[in-house]
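Here are some exercises to work through with the model open beside you. Try each task before you read its solution.

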Amino acid sequence: MVGGRGGPGVPVVELCGAAKSYPGGVHALRGVDLTVRRGELVAIVGPSGSGKSTVLNVIGTLDKPTTGTVRVAGYDVGELSDAQLSALRARHIGFVFQHFHLASGRDAVDNVADGLLYAGVPLKARRARARTALERVRLGHRLSHRPHELSGGEKQRVAIARALVGDPALLLADEPTGALDTASGEIVMELVRELNAVGTTICVITHDNEIADSLPRRVRFRDGEVVADSGTPAAPSAHPAPAPARNPEEVRP
Ligand code: ADP
């Protein structure tokens, strides 16, 4: 198996002096140092414009820092080609967004199967794994439903199934409950906790103080900097994991 997952407590994300600037003197990130270890569940909090989405995009390799280094799943992101970055994302990272980002014309199974599009999995196997992932988020009764036939909470559960269908080491969620009512948000957060309990490392941006306070670690941003980090209360739980890959060449598209 290809992977830089490592054992329990091994860093999955390492940002070192990560800065991101835009023309006109906008500093979205100002030298962020942040390590997230295997098995952690981290809330990223802070006011609007403080750099939360930027840091999540940098961690997810969707965005490159202007300066600083980023290691994800053991790989120095700055040393990987675009094809290797795509492979890294496909094999190791799942994304969940506030507004679901589902394809409107496709049913739940196809939306989730799309999560394996770049992982080299044949169509039939993609659909079979999609059904399993949908059952895992308790949507086994909504397989053929299209997004407009689903509630907001169900749409987000489809999006979570899409994110987890590739069995990522790292799940990144940008305000996953931001567009949901409280009850649906609680169900989504329960799922997030369940995924973490079976070993997925998770970073979740939230504006909701109650949600943030319920999570084991909170990292607070302000003006592009980490201004508080509650740290991890206890050693991350142990989960069996494959040995880490050492050679970036092993990350194939
Ligand atoms: P948050 O997620 O905490 O609301 P962001 O990471 O989206 O904050 O943004 C941090 C800062 O960077 C803000 O001042 C924002 O306006 C700026 N910013 C983000 N993306 C861009 C961009 N593409 N071009 C210029 N400025 C940007």
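**Exercise 1. Work out whether glutamate 40 is buried or exposed, then find its salt-bridge partner and say what the pair ties together.**

Step 1. Start with the cover: glutamate 40 has 4% relative accessibility, so it counts as buried (buried is under 20% relative accessible area, exposed over 50%, partly exposed in between, with a 1.4 Å probe and protein chains only). Keep in mind that this is a predicted model, where local features need pLDDT of at least 70, side-chain atom pairs count only at pLDDT 80 or more, and totals for chains, interfaces and linings use all residues. Numbering runs from 1 along each chain as its sequence is written, and side-chain values use heavy atoms, with hydrogens and water left out.

Step 2. Now the partner: glutamate 40 forms a salt bridge with arginine 217, and their closest N and O atoms are 2.9 Å apart. A salt bridge here is a side-chain nitrogen of Lys or Arg within 4 Å of a carboxyl oxygen of Asp or Glu.

Step 3. Glutamate 40 sits in the loop between β2 and β3 (41–45) and arginine 217 in strand β9 (residues 217–222), so the pair ties together parts that are 177 residues apart in sequence. (Helices, H or I with at least four residues, and strands, E with at least two, are DSSP runs numbered from the N terminus.)

Step 4. Check the other end: arginine 217 is buried as well, with a relative accessible area of 6%.

**Exercise 2. How many salt bridges does the structure hold, and which residues are joined into one network?**

Step 1. The count is nine salt bridges.

Step 2. Take aspartate 114 and arginine 106, a pair whose closest N and O atoms are 2.9 Å apart. Aspartate 114 counts as partly exposed at 25% relative accessibility, and arginine 106 does too, at 32%.

Step 3. Next come glutamate 194 and arginine 138, with closest N and O atoms 3.2 Å apart. This pair links distant parts of the chain, 56 residues apart: glutamate 194 is in helix α6 (residues 182–197), and arginine 138 is in the loop between α4 (123–136) and α5 (152–164). Glutamate 194 is partly exposed at 34%, as is arginine 138 at 43%.

Step 4. For the network, salt bridges that share partners join Glu40, Arg217 and Asp229.

**Exercise 3. Describe what surrounds the ligand.**

Step 1. List the shell: Tyr22, Val26, Ala28, Pro47, Ser48, Gly49, Ser50, Gly51, Lys52, Ser53 and Thr54. A residue counts as near if one of its heavy atoms lies within 4 Å of the molecule or strand in question.

Step 2. Look at the backbone. A backbone N or O atom of glycine 49 lies 2.7 Å from a ligand oxygen, one of serine 50 lies 3.0 Å from a ligand oxygen, and a polar backbone atom of glycine 51 is 3.1 Å from one.

Step 3. β2 (26–37) and α1 (52–59) are the ones that give two or more residues to the shell, and α1 gives the most, with three.

**Exercise 4. Which residues of helix α2 are buried, and what do they pack against?**

Step 1. In α2 (residues 82–92), the buried residues are Gln84, Leu85, Ala87, Leu88, Ala90 and His92.

Step 2. They pack against β4 (67–72), β5 (75–76), β6 (93–97) and β7 (170–174), where contact means heavy atoms within 4.5 Å.

**Exercise 5. Where are glutamate 175 and aspartate 223, and what is phi at each?**

Step 1. Recall the rule: most residues other than glycine have a negative phi.

Step 2. Glutamate 175, in the loop between β7 and α6, has a positive phi of about 50 degrees. At 8% relative accessibility, glutamate 175 counts as buried.

Step 3. Aspartate 223, in the loop between β9 and β10 (225–229), has a positive phi near 50 degrees.

Definitions and conventions:
Polar contact = N/O pair within 3.5 Å; in protein donor to acceptor, adjacent residues only side chain to side chain.
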